[in-house]
Amino acid sequence: RTSEPSARPRSVRRPAMTRRPAVHQVLATLGYGDAIGHEVLGAQQVLQAAGYESDIFVEAADRRLEPLTRDYRELVDASHADNLLIHHFSVGSKASRVAYALPDRMALVYHNITPPEYFVGVHQILARQCFHGRRELRAYVDRCDLALGDSPFNREDLKSLGFPRTDVLPVVPGFSHLDREPNRFVADRFDDEWTNILFVGRVVANKKIEDVIAAFHAYHTLFNPRSRLIIVGAFSMFERYWATLHHLVAELDQSHVYFAGHVADEELTAYYDIADLYLCASEHEGFCVPLVEAFYKQVPVLAYAATAVPATMDGAGVLFHDKDPKHMAALMDAILSDTRLQDAIVAEQTAAVARLRSIDFGKTLVGFVERILRGPRATGPKVAADFWQQFDAAEELEELRMVRPAAYRALPLRDTL
């Protein structure tokens, strides 16, 4: 007897595997210890904890951070139409232009571009870059799925440029670098019976450090000859502006102004510890992290009410609107001569820091990521069909320029390449 043939097993249709999008970050430079660097590294930790593959693609990075990054040219191989690029926009960046041309979704994070007029006569190249940077930024109006300012002021700037979908990814600075043991040399040198006025920030023209110096000179002359001004911050690339400040100090015959330059965290902690007042006269800020650092270190803050500064201070500290040096000096004296007023200012500043630290940066960021990935796509990038051929040719020329400069200079029509 022959048995009936067994029935052919039915094929089981397996559900298609859905690919989880990667969420990468791209920026020109990852700096060590600066506000943007802290935000980028913090965002990567948040994204990886949420289950997303997340790398940081850069043109350059501080050598201490290079192991945490990938070269921006590798972004081409990592690209996928389902991925999301968090693009920290900066002026004149090759990484930005590569990101623009890829098919990935995009969230643009805007940290502000300083108006170019602040650099005219001080740094012509940067003035030109800032001018073209704002024009280049407009190219992303239709390219990005969401444009995020890192402060309400920066969001308003994006809206004024025509971005239709905007929101705020708030800066929530970390303060662990200010909890280190203070540098003893700084403490021994400046922790005495004199009154210490402090400014922290890059020595650049929009910070209007000349106004800080003028106000300090008026305070020192009219109210307190036992006072000094300490200016902490790097001046590289802005040597011409730095020189004008030194010339101003010499003209005022003011021997109690100290330029500390770029400092380590232990030194920065010590400068905040010995400060009696933080003075800021900046006319253009996208956020201004040193303000909240001074809040955290319980230093009373007196700041000019311009651009993002009032929002950053969140009702704490003291704002002023009149830059007359004598007016500023009188405000300085009013604060420094009244300990009860100082205590009240510091209490408000401490409360502002608590409100800032209560913001759930991770939840906010992941919420934006999920919102973009669920939503409709923005218009795809509009680039020439031979974009990548041009890109490869440009990279070959750049390598030739660096490795064989004489051969590069011999190329015809190099100004048009």
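A salt bridge here is a side-chain nitrogen of Lys or Arg within 4 Å of a carboxyl oxygen of Asp or Glu, and by that rule this structure has 17 of them. The model is a predicted one, in which local features need pLDDT of at least 70 and side-chain atom pairs count only at pLDDT 80 or more, while totals for chains, interfaces and linings use all residues. Residues are numbered from 1 along each chain as its sequence is written, and side-chain values use heavy atoms, with hydrogens and water left out. Here is a tour by topic.

**Salt bridges**

- Glu285 and Lys207 meet through their side chains in a salt bridge, at 2.7 Å from N to O. Glu285 sits in the loop between β11 (277-280) and α10 and Lys207 in the loop between β8 (195-200) and α7, so this pair ties together parts that are 78 residues apart in sequence. (Helices, H or I of at least four residues, and strands, E of at least two, are DSSP runs numbered from the N terminus.)
- Glu285 is buried at 6% relative accessibility, and Lys207 is buried as well, at 14%. Buried means under 20% relative accessible area, exposed over 50%, and partly exposed in between, with a 1.4 Å probe and protein chains only.
- Glu283 and Lys323 form another salt bridge, at 3.1 Å from N to O. This pair links distant parts of the chain, 40 residues apart: Glu283 is in the loop between β11 and α10, and Lys323 is in the loop between β13 (318-320) and α12 (325-336).
- Glu283 is partly exposed, with a relative accessible area of 25%, whereas Lys323 is buried at 18%.
- Asp62 pairs with Arg64, their closest N and O atoms being 2.9 Å apart. Asp62 is partly exposed at 22%, and Arg64 is partly exposed at 47%.

**The parallel sheet**

- Seven strands make an open sheet with parallel pairing, in the order β3-β2-β1-β4-β5-β6-β7. Two strands pair if DSSP finds at least two bridges between them.
- The edges are β3 (70-71) and β7 (166-168), each of which pairs on one side only.
- Strand β4 (residues 84-88) is mostly covered, with five of its five residues buried. Leu84, Ile86 and His88 point one way from β4, and Leu85 and His87 point the other way.
- On one pairing, β4 runs parallel to β1 (residues 23-30) and is joined to β1 by four bridges, with His24 having Leu85 as its bridge partner.
- β4 also runs parallel to β5, through five bridges, and Leu84 stands opposite Arg105 there.
- β6 (residues 146-149) and β7 pair in the parallel sense over three bridges. Gly149 has Val168 of β7 as its bridge partner.
- Helix α5 (residues 152-160) lies across β5 (105-110), β6 and β7, and runs at about 170° to β7. Axes are lines fitted to C-alpha atoms, for helices over the stretch in contact, and angles run from 0 to 180 degrees between N-to-C directions; contact means heavy atoms within 4.5 Å.

**Nonpolar cores**

- A nonpolar core is a set of buried Ala, Val, Leu, Ile, Met, Phe, Trp, Tyr and Cys residues joined through side-chain atoms within 4.5 Å. The largest one has 97 residues, and those with the most contacts inside it include Phe163, Leu198, Tyr271 and Tyr278.
- Helix α7 (residues 209-222) gives this core its largest share, seven residues.
- A second, separate core has 18 residues, among them Leu47, Ile86, Leu148 and Phe368.
- Leaving aside neighbours within four places in sequence, Tyr278 is in contact with residues including Leu198, Tyr272, Pro290, Leu291 and Ala294.

**Helix α10**

- Helix α10 (residues 289-296) is largely enclosed by the rest of the structure, because seven of its eight residues are buried. Among those buried residues are Val289, Pro290, Leu291, Glu293 and Phe295.
- Gln298 follows α10 and has a positive phi, near 60°.

**Cysteines**

- With a disulfide defined as a pair of cysteine sulfur atoms within 2.5 Å, the count is zero.
- The sulfur of Cys130 has its closest cysteine sulfur in Cys288, 17 Å away and too far for a bond. Cys130 is buried, at 5% relative accessibility.
- The sulfur of Cys288 is 4.7 Å from its closest cysteine sulfur, in Cys280, which is also too far for a bond. Cys288 is buried, at 8%.
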